[in-house]
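The following note comments on a structural model, point by point. Please read it alongside the coordinates.

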Amino acid sequence: MSLSVAERKMLAEEWCKKAKGKMDQVIVHVGCMSLKDSQELAHHAAQIGAEGIAVIAPSFFKPSSADVLKKFLQEVSSSAPTLPFYYYHIPAVTGVNVLARDVLEDIETLIPSFRGVKFSACDLMDFGQCISYSAPHWSVLYGVDEQLLASLAFGANGAVGSTYNYVGSHVNKLITAFEKGDLVQARNIQFKIQELISFAKKLGFDVGVNKQLMSEVSGLRLGPPRLPLMLCPPANAVSIAQKYHSLFPEP
């Protein structure tokens with residue numbers, strides 16, 4: 001959301017280009033404060049060969065109800081009507097406190113290309129009702145990393161999370177353990193992820209810290225965050241990276 005439309009187009013083009021032959025699909029987030037910008041990005045995603053688009057609720061002038069939000073989403077989808085469409089539900093960030101289940105009600109009558117929701121909220125009742133209501137061809141993805149195991153028990157089809165940029169391989173092991181019925185192993189991994197996030201939060205965990213931690217763990221130079229996010233103090237990033245390595249030692 002801190003990038004310009006031109007920057008987002010350039011980024012999406014690079015992802016689609018680099019992902020060919022390596023990833024099953026690239027879903028481009030096209031949500032903006034401006035409906036026109038969202039429509040422009042949706043149209044662009046279709047042009048560059050993305051496999052889907054996702055849209056977050058606008059958060060300055062907020063939709064007043066689920067019906068208003070659905071109308072906004074419908075208008076965005078109209079600019080890329082053949083692309084699979086996903087609603088990105090993250091009320092703690094947008095301040096749009098409508099139930100995701102209410103957004104899903106009859107959504108395919110408005111958006112025939114609708115294919116699911118990324119649910120980034122702690123309300124497991126709302127999440128469960130989304131799973132219960134969802135069509136077989138939808139994907140309901142969970143986005144609260146420290147509660148992933150609970151979402152799997154409800155029937156999550158997958159997960160999208162910022163910490164998966166560096167704990168993704170361990171999360172795959174968690175999902176595999178759950179699918180095999182090994183709840184002891186799945187809980188063990190989930191508890192380690194919770195311990196890491198809890199430790200990081202005490203040092204002021206935010207997107208800037210997350211980005212710096214991605215750099216520390218991967219060895220890739222990812223650059224600083226953009227204001228108003230601040231650069232993570234190097235000592236904090238090192239402390240969190242050390243905690244990560246203590247919890248997930250390399251074999």
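1. The crossing of helix 10 and helix 12 is right-handed; a crossing is given this hand if the near helix is turned clockwise from the far one by less than a right angle, and is left-handed if anticlockwise. Helices are DSSP runs of H or I with at least four residues, strands runs of E with at least two, numbered from the N terminus.

2. Provenance should be kept in view: this is a predicted model, in which local features need pLDDT of at least 70 and side-chain atom pairs pLDDT 80 or more, while totals for chains, interfaces and linings use all residues. Residues are numbered from 1 along each chain as its sequence is written, and side-chain values use heavy atoms, without hydrogens or water.

3. Helix 10 contributes Lys192, Glu195, Leu196, Phe199 and Ala200 to its contact with helix 12, which supplies Ser239, Ile240, Lys243, Tyr244 and Leu247 (contact: heavy atoms within 4.5 Å). These residues divide into six nonpolar, one polar and three charged; Ala, Val, Leu, Ile, Met, Phe, Trp, Tyr, Cys and Pro count as nonpolar, Asp, Glu, Lys and Arg as charged, and the others, Gly among them, as polar.

4. Ten aromatic pairs are present in the structure (ring centres within 6.5 Å, using the six-membered ring of Trp; planes under 30 degrees apart are stacked, over 60 edge-to-face, the rest tilted). Phenylalanine 85 and phenylalanine 114 form a tilted pair, 6.4 Å centre to centre with 40° between the planes. Because phenylalanine 85 lies in strand 3 and phenylalanine 114 in strand 4, this pair ties together parts 29 residues apart in sequence. Ring pairs also link Phe85 and Phe114 with Tyr133 and Trp138 in a cluster.

5. Phenylalanine 119 and tyrosine 142 are stacked, at 6.2 Å centre to centre and 15° between the planes. Both residues are buried (under 20% relative accessible area; exposed is over 50%, partly exposed in between, with a 1.4 Å probe and protein chains only).

6. Phenylalanine 205 occupies the loop between helix 10 and helix 11. At 22% relative accessibility, phenylalanine 205 counts as partly exposed. Its C-alpha atom is separated by 9.5 Å from that of asparagine 236, 31 residues apart along the chain.
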